[in-house]
Amino acid sequence: ETEDRPEPRRTERSPEGARDAGSVLALLLRRWWVLLLALALGVGGGVALSRSREDRYTATAFLIGRPKSGASTDAALVLASGKVYAHLATDPLVVGPSLRRAGLNFDPKRVSHIVTAVPAADSPVLEIRATTGVPIRSARYADTVAAAVARASARLGSKTGYEMQALGAATVPASPDGPGMMVFAVAGGAIGLLLEIGRAHV
């Protein structure tokens, strides 16, 4: 004799969620002007924020390691030359005199706030990045520091067997770092719309 097992109850989807979504959508359609106002306020806020922040410009000069003339140098040492000389780019004793001669305001404590040296992982290339609020000033900082590092490496080349050589002048940056005004405007508009939609759903 077999037992009669009760059939599992079928759960029906409640239409409340659909009604809630429909009511919110209807409310938003009736208050389209509020959405438009929220969008305009968000875009305006994004543009205002973009204009209030200080623009920063980064210029980059490049150095490459090479064996010193007449010296027999291990290729592995030349490959690592960028890493070896990277610390000189922010050494006030190395770059300070060159920056002063170039007429650039020099504060030994702020060199690392303006200049960053980035050695390549698999080549003897060293990037000298300088960031200031003026494009041409950033390029001058990068070129001056790169030249100072190159001169210091030439003096040390008799001991190390290699030196750093500048690869042309830094390009003056045409646009500031970070997102532009359009990105701030789009983000502000999206935030304004989301806040208004969230308020209508509450």
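Select Arg129 and Glu127 to begin: the two form a salt bridge (a side-chain nitrogen of Lys or Arg within 4 Å of a carboxyl oxygen of Asp or Glu), with their closest N and O atoms 2.9 Å apart. Arg129 is partly exposed at 33% relative accessibility, and Glu127 is partly exposed at 22%. Here buried denotes under 20% relative accessible area, exposed over 50%, and partly exposed the range in between, with a 1.4 Å probe and protein chains only.

The model is predicted, so that local features need pLDDT of at least 70 and side-chain atom pairs count only at pLDDT 80 or more, whereas totals for chains, interfaces and linings use all residues. Residues are numbered from 1 along each chain as its sequence is written, and side-chain values use heavy atoms, with hydrogens and water left out.

Two salt bridges are counted by this rule. For the other stop, select Glu163 and Arg66, whose side chains meet in a salt bridge at 3.3 Å, N to O. This pair links distant parts of the chain, 97 residues apart: Glu163 lies in strand 4 (residues 162-166) and Arg66 in strand 1 (residues 57-67). Helices (H or I, at least four residues) and strands (E, at least two) are DSSP runs numbered from the N terminus. Glu163 is buried at 10% relative accessibility, while Arg66 is partly exposed at 36%.

Turn next to the largest nonpolar core, which has 29 residues. Such a core is a set of buried Ala, Val, Leu, Ile, Met, Phe, Trp, Tyr and Cys residues joined through side-chain atoms within 4.5 Å. Those with the most contacts inside it are Leu63, Val95, Val115, Ile128, Tyr141, Val145 and Val149. At least two residues each come from strand 1, helix 5 (92-101), helix 6 (111-114), strand 3 (125-132), helix 7 and strand 4. Helix 7 contributes the most, with nine residues.

Centre the view on Ile128. Beyond its neighbours within four places in sequence, Ile128 has contacts (heavy atoms within 4.5 Å) with residues including Ala59, Leu63, Ala89, Val115, Ala142 and Val145.

Now select Ile136, in helix 7 (residues 135-160). Ile136 is partly exposed, with a relative accessible area of 47%.

Finally, select Gly45, in helix 2 (residues 32-52). Gly45 is partly exposed at 39% relative accessibility.
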